[in-house]
Amino acid sequence: MTDLPIYPLTEEHKMLRDAARDFAQKEIVPIAAEYDETGEFPHATIKKMGELGFMGIEIPERYGGAGMDALAYVLALEEISKADASHGVVMSVNNSLYCHGILKFGTEEQKKKFLTPIASGKSVGAYSLTEPQSGSDAGTMKSRAARDGDSYVLNGRKSWVTSGPVADYFVVFMMSDPAKKQKGVSAFLVPGNTPGLTRGKKEPKLGIRASATCELTFEDCRIPAENRLGEEGEGFKIAMTVLDAGRIGIATQALGIAEAAYEAARQYATQREAFGQPIGQFQGTGFKLADMKTRIEASRLLIYNAALAKEKAKENDGRYSLEASMAKLFASETAMYVAHQAVQIHGGMGYSRELPVERYFRDAKITEIYEGTSEIQRLVISRLELGK
Ligand code: CAA
């Protein structure tokens, strides 16, 4: 990547980025194709990422994290995602969708119990909002959390839970007062071994195949009332606040995929010859590469901007939904565009499983779908600009 001088990268940022790059290139790149092929979860490398402090980058050290800022987080995540988008999403969900919400909304006791093991990378965290009949329209969930003395009893089905098959802890959103619609949603912290919680089969996916995704079923799953995150009825706001952080993570995952695809295409264009010269010398290919590079750098600027907005929001408890949604929208569509062009530049070889370009192409697509589709990002941006 380019060191853009307008962004204040400290020595600490550069050290973390270089450590992530070194680890990713040495330990993830060599195994990425195999894990994509088998669809196995890469337990060993995820564990090492935890030991290196990558699983709770913005979490204070007293809760097991690395105590760094939002820019540090995207710098490290970009390097991991460039090596493999599956490792990237596990890191993103753990940092943003799980840890971030508990740090912001959790009690001191909850932070000790539910944040420290996950931020330190000893355990894996997951986030569970979507249901079979409610994806984009997240406020219409059917699952129910009923208060019963000092407990809540959870019932319902959740879908598309990233890291669901392997997670030790979940943050789960359920309706505790259906009459109040979004204002009746509450958030709960649920250990993965709680009786009444079962995990469905692992979803067979087009891309990010080494990450693990499944449904969750809650059948009279009883948890102590002290596991409620935030106030009763505050769950939808928590889910949305956390998704703003998550969307910066997915934008960064998309940036990593785009960079890997671009670099493969750039190198191929300098080596592959046709009609007596390297194909990059043909304007048709050179201009493709120019557009790819420009969109990648524009994505990076939107992502760094969103990271700095997130950092500012920590001081004034503000929102950065606009910056996060713009970064996710642009970076995910850029990843798809760049991966598509990279396959085209490679010709037949781009379609072959012998090179990683086809994997980048398959991995890129999900970034336009999860944590809010491109259509939802456009809805969020236009509502913030025009009003609802
Ligand atoms: N931060 C804080 N509060 C927010 C907020 C945010 N980003 N967005 C909305 N809210 C608040 C609103 O202010 C409002 O509160 P008030 O009534 O007090 O004003 C309340 O939440 C309801 O907001 P809306 O009226 O805007 O709600 P809506 O029903 O119209 O939905 C939406 C808004 C943007 C479409 C939202 O439903 C949404 O983001 N949908 C997409 C869901 C999504 O991204 N799902 C992905 C799940 S995770 C995943 O993909 C799997 C995985 O494991 C990675």
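A salt bridge is taken here as a side-chain nitrogen of Lys or Arg within 4 Å of a carboxyl oxygen of Asp or Glu. The structure is a predicted model, in which local features need pLDDT of at least 70 and side-chain atom pairs count only at pLDDT 80 or more, whereas totals for chains, interfaces and linings use all residues. Residues are numbered from 1 along each chain as its sequence is written, and side-chain values use heavy atoms, with hydrogens and water left out.

Over the whole structure, 30 salt bridges are found. In one of them, D36 is paired with R209 at an N to O distance of 3.9 Å. This pair joins distant parts of the chain, 173 residues apart: D36 belongs to helix α1, and R209 to the loop between β6 (197-202) and β7 (213-224). Helices (H or I, at least four residues) and strands (E, at least two) are DSSP runs, numbered from the N terminus.

The protein chain is assigned domain 1 (11-124), domain 2 (126-233) and domain 3 (236-386), the bounds being drawn from an automatic or database domain assignment. A distance of 20 Å separates the C-alpha centres of domain 1 and domain 3. Contact (heavy atoms within 4.5 Å) involves 27 residues of domain 1 and 32 residues of domain 3. Between these two domains about 2,400 Å² is buried, 61% of it from carbon and sulfur atoms; buried area is the accessible area (1.4 Å probe) that two parts lose on being put together, summed over both.

Seven salt bridges cross the interface of domain 1 and domain 3. On the side of domain 1 that touches domain 3, at least two residues are supplied by each of α1 (11-38), α3 (70-83) and α4 (85-105). The residues of that side comprise 14 nonpolar, five polar and eight charged, where Ala, Val, Leu, Ile, Met, Phe, Trp, Tyr, Cys and Pro count as nonpolar, Asp, Glu, Lys and Arg as charged, and the others, Gly among them, as polar. Elsewhere in the salt-bridge analysis, R300 and E78 are paired, with their closest N and O atoms 2.7 Å apart.

Around the ligand there are 27 residues, of which S136, Q182, K183, E371 and K388 come nearest; a residue is included if one of its heavy atoms lies within 4 Å of the molecule. A polar side-chain atom of K183 lies 2.7 Å from a ligand oxygen atom, and one of R247 lies 2.9 Å from an oxygen atom of the ligand. For D244, a polar side-chain atom is placed 2.8 Å from a nitrogen atom of the ligand.

Note on methods. A polar contact is a pair of N or O atoms within 3.5 Å; within protein, one must be able to donate a hydrogen and the other to accept it, and residues adjacent in sequence count only if both atoms are side-chain atoms.
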